[in-house]
Every structure is written in structure tokens, then in C-alpha cells.
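This report reviews selected local features of one protein structure. The sequence and the coordinates are shown first, and the discussion follows.

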Amino acid sequence: MPDVSHPDRTRDDPSGAGGGFGVAAGLHHRENETGRGDLSSGAAPGSVLVDDVWESFKVYHERAQGLRDRLFARRKNVTEEFWALRGVSLRLDPGDTVGLIGENGSGKSTLLKCIAGILRPSRGTVQTYGRTASMLELGAGFHPDLTGRENVYLNSSILGFSRRYTDQVFDEMVEFAGQQVAEAIDRPVRTYSSGMYLRLGFAVSVHLQPDILIIDEVLAVGDAKFVKKCYDRIHELKRRGVTIVVVSHDLETVATLCDRAIYLERGKVVADGPSVEVVDRYRADVTAEQGGAVGRWEGGAVYGSGDMTLRDIRLLTGGERDSIRTGDRIAVKFRAHVNAEVDNPVFGLIVRANDGTYLYDTNTLWRHQETGRYAPGDEVEVTFELRANLLPGRYTVTVAASRHDGKVVYDWHSDALGFDVAGEFVANGLVELDGSISVMPIAGT
Ligand SMILES: Nc1ncnc2c1ncn2[C@@H]1O[C@H](COP(=O)(O)OP(=O)(O)OP(=O)(O)O)[C@@H](O)[C@H]1O
Ligand SMILES: [Mg+2]
């Protein structure tokens with residue numbers, strides 16, 4: 001393990017502890033200290049400046065050289081330097097929501113640890129402004145022998161909050177974490193399940209007013225209901241202008257939650273831009289590596305070969321109203337411009353809930369619908385008609401065109417449209433199941 005407590009780091013790290021839910025992340029710049037808007041760059045709380053960061057690890061190999069050495073156990077220890085980050089520069093402004101994507105081992109967690117202050121870059125600098133809460137490895141940042149309650153107070157005080165403040169938010173935090181955690185709050189956290197760790201850790205992170213929230217994949221261990229609750233809360237923090245940096249292999253989540261995505265490859269930034277575009281580029285790379293064949297669309301491995309270009313994608317609502325209400329008929333229309341000879345191309349549409357939940361997916365292939373034969377320069381208009389049996393909330397539409405067998409994507413537009421469904425609040429969830437309730441007294445009882 002590299003040394004994690006560097007006294008001379010560029011920012012104030014009061015904890016010196018490694019990893020964690022807020023603990024290690026520490027309070028990099030306390031309000032009354034340097035760093036709050038006092039830089040010539042005018043950095044405000046919530047800003048992050050990563051300047052030409054390189055991070056190396058020493059890797060020890062026990063290398064037996066040849067049979068003779070192996071037999072006589074004459075081993076030679078070799079140290080190699082491994083560069084996990086190679087010149088990463090980025091600037092996050094307050095309120096940015098950024099997803100870090102890339103293959104396993106591309107440096108995502110290392111970069112997060114540098115931003116959270118758990119690792120000091122070998123070269124370059126990282127500056128964060130404001131209170132940073134991070135959820136990196138599960139359980140790190142909690143002291144295993146202390147109870148849940150004690151850990152909450154410890155984290156809170158490390159982040160610079162008074163006991164009184166913690167008293168005020170304590171119940172809310174525990175309530176957020178849920179029943180099991182509430183019951184176990186006075187037990188040492190080493191007795192918690194991974195999900196319970198996550199619950200308490202997340203509750204602490206979001207209740208301690210972060211300016212910057214850093215999350216590495218940990219949500220993966222939560223149960224579906226809690227993960228949804230976490231995403232709701234993350235969306236709320238986003239609306240409040242908290243800077244959010246997440247690592248996730250769930251590309252739909254990145255595309256939905258984050259406005260911006262950064263794609264790392266072998267420690268370098270290869271793309272940085274609007275999340276939908278960067279996610280598509282990453283998918284295209286993954287797909288290309290797999291030989292260009294795309295399985296089912298929902299698998300997410302998608303790119304555009306360019307044989308067709310979809311444009312002018314729009315949503316039409318029934319009447320004059322531009323809002324959609326539960327049960328309305330809607331239409332999604334687009335034009336497909338043909339760039340190469342195509343025969344019976346497939347047109348498809350996916351509807352997702354705002355948190356990425358896959359709701360509806362249909363296409364002309366599954367419907368055995370012939371679509372025609374086209375030559376370069378042709379234009380096709382495609383219309384999907386749907387009934388929005390959706391409960392009030394926000395939804396997205398993805399559209400795509402592919403080869404007749406669905407295996408080569410000509411053009412794919414993830415979440416090309418977003419729309420809101422309005423309606424009277426009589427049920428919660430996603431789908432209108434046309435419920436009704438009857439309540440009747442039973443005579444004679
Ligand atoms: N403490 C360490 N010592 C040695 N090598 C390390 C250490 N931490 C990370 N690395 C190496 O640095 C590279 C980047 O690792 P990192 O954990 O940042 O990848 P990642 O993008 O988060 O991957 P994943 O998607 O699997 O979580 C990997 O090759 C990894 O082996
Ligand atoms: Mg990682």
C-alpha cells in the first residue's frame with residue numbers, strides 16, 4: 001500500500017485516515033481557512049482542480065528466474081513502478097455532475113482517491129474547495145470496533161461539525177439508513193452486513209452538507225429499494241448544486257445522473273464531455289473490441305456505424321397540451337437519413353425511467369415489420385405511437401436504427417428525449433396499473 005498520510009499535501013487533511021465515508025476525505029478546506037474563493041482562479045466551494053496528476057504504485061514481484069532458481073528458492077525481489085494515472089487534468093465547477101467511466105484498472109478509483117485526498121499524487125496537484133464527502137471502499141472510514149452511533153459522531157466531528165449539530169441530524173440520518181441499521185446503531189459496525197455499512201455510510205455522507213460528493217461504485221451492494229433511495233438523494237443534492245463525482249459501470253446511470261462524463265483509459269483521459277456522448281463513445285470502443293457485433297440493444301454495447309443517421313427526434317403529445325398526463329397517447333418521431341445501401345433496417349425505441357430503470361423496448365424486428373430498402377440519400381420518417389401508462393415522473397426515450405438482424409447498430413441515440421408525465425398523485429411507482437380500492441364493512445361482524 002502506498003503511504004496515505006502525507007502531511008505536506010496541497011490541502012488540509014485533518015484525518016490522515018485511509019478510505020471512507022467522509023472520514024478520509026476530510027474537510028479539505030474549512031470555512032475559515034485558505035482555499036475558499038481566495039485563489040486567483042476564483043474557485044468557489046464545490047470546485048475541484050486536478051492539474052497534471054500522475055500516480056505511481058510500486059509493484060513487487062517475487063520473480064523466480066529459471067528452474068534452477070526455483071528449485072533452490074533463490075528468489076529475487078523486483079520492484080516495478082506502475083503508473084495508474086498519467087497526466088490527468090480536469091476542472092470541476094460547483095454543481096458539476098461527473099461520471100468516471102473506463103475499463104477495470106483504468107485508474108478511476110485511483111483518481112477518486114486523489115480527489116478525496118486519500119492518495120497524494122506522485123506528480124501534479126489536486127485542489128478541492130469546500131467540504132468533501134466520499135464513499136470509496138466499503139467500510140473504510142468506519143472504525144470496526146466502534147458502534148454505528150460512535151462512528152457517526154466521529155465522522156461528523158472530523159468533518160468539522162459540532163456535537164450539537166450531529167445531535168440534530170442524527171435521527172434523520174438513522175432513519176434514512178433504515179430499520180436494520182437503527183436497531184443495530186449501538187452495536188460495533190464490524191457486525192454490520194455490507195448493505196448496512198453502505199446504508200449508514202451513505203446516510204452520513206449526504207447529511208453532512210457536502211459541497212463535493214464522491215462515490216465509487218459502492219451502491220452496487222445495496223438492495224434495489226435503498227439504491228433507488230440513494231439515487232433520489234443524489235439527484236436532490238444535484239439540484240442543490242453539490243458537485244458530484246461517481247464511478248459506475250452502469251452506463252445508463254452515468255448517462256442519466258451525470259451531465260458530464262470522463263472516460264479513462266490506462267490512466268489517461270481519452271474523452272471528457274456531455275455524458276451521453278462520452279458513454280456512447282465508450283460503448284463504441286467496447287463494441288469495436290468485441291468485433292463489432294452487438295447483441296441485444298439493452299445490453300448497452302452500442303455504437304453507430306453511420307449507415308443511417310437519425311435526426312430531428314421529437315415527441316408529439318396528443319392535444320394542444322404540451323404536458324403529458326398518465327394514459328395520454330404520445331408519439332416519438334424521427335427522420336433517418338440513409339448514407340449507405342440498407343435493406344430492411346430495424347428501428348427501435350426504449351423508454352426508461354429517469355433513474356435508468358428499463359421500462360419498455362420495442363422494434364420493427366420483434367414485430368416482424370418490413371421497413372423497406374434504401375439507397376444513399378434517401379430519407380425515412382419513423383413514428384412510434386405509445387400510450388403513456390406511466391405514473392407522474394420523468395422518463396427518457398432512446399431510439400436507434402440497426403441492420404436487419406439487429407446486430408449492427410447504424411445509429412443509436414441514448415436518452416435522446418426526456419419527458420415528464422404529470423397527473424394526480426394517487427399512486428407511487430412507475431407504471432399505471434389502473435388500480436382501484438374498495439373498502440366495505442362486513443355486516444354482522
Ligand atoms: N495500491 C496499489 N498498489 C499497486 N497497484 C495499484 C494500487 N491501486 C491501484 N493499482 C493499480 O492501478 C491501476 C488502476 O487501478 P484503479 O483501482 O484505479 O482502477 P479502476 O479504474 O478503479 O478499476 P475498477 O473498474 O476495476 O474498479 C490498476 O492497474 C491497479 O492494479
Ligand atoms: Mg475501481
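In what order do the three strands of the open sheet lie, and is their pairing parallel or antiparallel?

The model discussed here is predicted. The strands of the open sheet follow the order 10-12-17, and their pairing is antiparallel. Strand 10 (308–317) and strand 17 (379–387) are the edge strands, each of them pairing on one side only. From one strand to the next, the twist averages 20°.

Eight bridges join strand 10 to strand 12 (residues 329–338), in the antiparallel sense. T317 takes part in this pairing, with I330 of strand 12 as its bridge partner.

Strand 15 spans residues 358–363, and Y358 is placed in it. Together with L365 and W366, Y358 forms a nonpolar patch on the surface; the accessible area of the three residues together is about 270 Å². The relative accessibility of Y358 is 34%, and Y358 therefore counts as partly exposed.

L359 also belongs to strand 15. Its relative accessibility of 26% is the reason why L359 counts as partly exposed. L359 and V431 are separated by 72 residues in sequence, whereas their C-alpha atoms are 8.7 Å apart in space.

## Residues with positive phi

Two residues with positive phi may be described in turn. H368 is not a glycine, yet its phi is positive, at about 50°. H368 is located in the loop that runs between strand 15 and strand 16 (373–374). With a relative accessibility of 73%, H368 counts as exposed.

D434, likewise not a glycine, has a positive phi of about 55°. The location of D434 is the segment after strand 19 (409–422). Is D434 buried or exposed? D434 has a relative accessible area of 68% and is therefore exposed.

## Cysteines

How many disulfides does a search of the whole structure find? The search finds zero disulfides. The cut-off behind both assignments is a relative accessible area under 20%.

Terms used
Residues numbered from 1 in each chain as written. Chains lettered and ligands numbered in written order. Predicted model: local features only at pLDDT ≥ 70, side-chain atom pairs only at ≥ 80, totals over all residues. Heavy atoms only, no water. Patch = residues over 30% accessible without salt bridge, like charges linked within 9 Å, V, L, I, M, F, W, Y side chains within 5 Å. Areas by Shrake-Rupley, 256 points an atom, 1.4 Å probe, with all protein chains shown as cover. Salt bridge = Lys/Arg side-chain N within 4 Å of Asp/Glu carboxyl O. Helix = DSSP H or I, 4+ residues; strand = E, 2+ residues; numbered from the N terminus. Buried < 20%, exposed > 50% of the residue type's maximum accessible area, 1.4 Å probe, protein only. Pairing = 2+ DSSP bridges. Axes fitted to C-alpha atoms, helices over the stretch in contact; angles between N-to-C directions. Disulfide = S-S within 2.5 Å.
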